[in-house]
Amino acid sequence: DVYQWNRSAKLIKKKATNEIGLICTGIEEGKGKYAGMIGSLKCQGQIGNRDVMVNVGSGLSDHDRGRPFEDYVGKQIEVLYNVVVRASGAQNFSLFLPRFKRLRGDMNV
């Protein structure tokens, strides 16, 4: 097919994906279907010389969300993301489209 210079269902948008290990410093409890379970993981670390703080909820399976909170807090998790961004109104940075990959050292996740 010939390239179309407008929006088309035939185009696939590709974005670079990066991976980083961050320390889980806390848990935000889920709501609705995920009440009493993990809603997101509060994570922090450094990328280059930038302090990063981000909540990671995307990518968590129902199994991941149902695990005990202490399985994550204080542990390193692998996070996929697109780019580092400045957090709105803050000194620290955040990640654009962060997704949970797995708990480091845990091959069952």
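**Secondary structure.** I counted the elements in this predicted model. The protein chain has 1 helix and 7 strands. I then read along the sequence and noted the order as β-β-β-α-β-β-β-β. I looked up the radius of gyration next: at 16 Å, the value is well over the 13 Å that the globule rule gives for 109 residues, so the chain is more spread out than a compact globule.

**Extent and surface.** I took the spans of the C-alpha trace along its principal axes and got about 55 × 35 × 30 Å. I found that 34% of the 109 residues count as buried. The chain exposes about 7,300 Å², and 51% of this area comes from carbon and sulfur atoms.

**Charges.** I listed 17 positive and 11 negative side chains. The centres of the two sets lie 9 Å apart.

**Contacts along the chain.** I kept contacts between residues at least 6 apart in sequence, and 53% of these join residues at least 24 apart.

**Core.** Which residues have the most contacts inside the largest nonpolar core? I found Leu 41, Cys 43, Tyr 72, Ile 77 and Leu 95, in a core of 21 residues. Strands S1 (18-29), S2 (38-47), S3 (50-56), S4 (76-81), S6 (93-96) and S7 (99-103) each supply at least two residues of this core.

**Leu 41.** I checked what Leu 41 touches, leaving out residues up to four places away in sequence. The list includes Cys 24, Ile 27, Val 54, Val 56, Leu 60, Tyr 72, Ile 77 and Phe 100. Gly 26 and Asn 55 are also among the residues touched by Leu 41.

Key: Residues are numbered from 1 along each chain as its sequence is written. This is a predicted model: local features need pLDDT of at least 70, side-chain atom pairs count only at pLDDT 80 or more; totals for chains, interfaces and linings use all residues. Side-chain values use heavy atoms; hydrogens and water are left out. Helices (H or I, at least four residues) and strands (E, at least two) are DSSP runs, numbered from the N terminus. The radius of gyration is taken over C-alpha atoms; the globule rule is 2.2 Å times the number of residues to the power 0.38. Buried means under 20% relative accessible area, exposed over 50%, partly exposed in between (1.4 Å probe, protein chains only). Contact means heavy atoms within 4.5 Å. Accessible areas come from the Shrake-Rupley method with a 1.4 Å probe; for residues, only the protein chains shown count as cover. Lys and Arg count as positive and Asp and Glu as negative; His and the chain ends are not counted. The place of a charge is taken as NZ of Lys, CZ of Arg, CG of Asp or CD of Glu. A nonpolar core is a set of buried Ala, Val, Leu, Ile, Met, Phe, Trp, Tyr and Cys residues joined through side-chain atoms within 4.5 Å.
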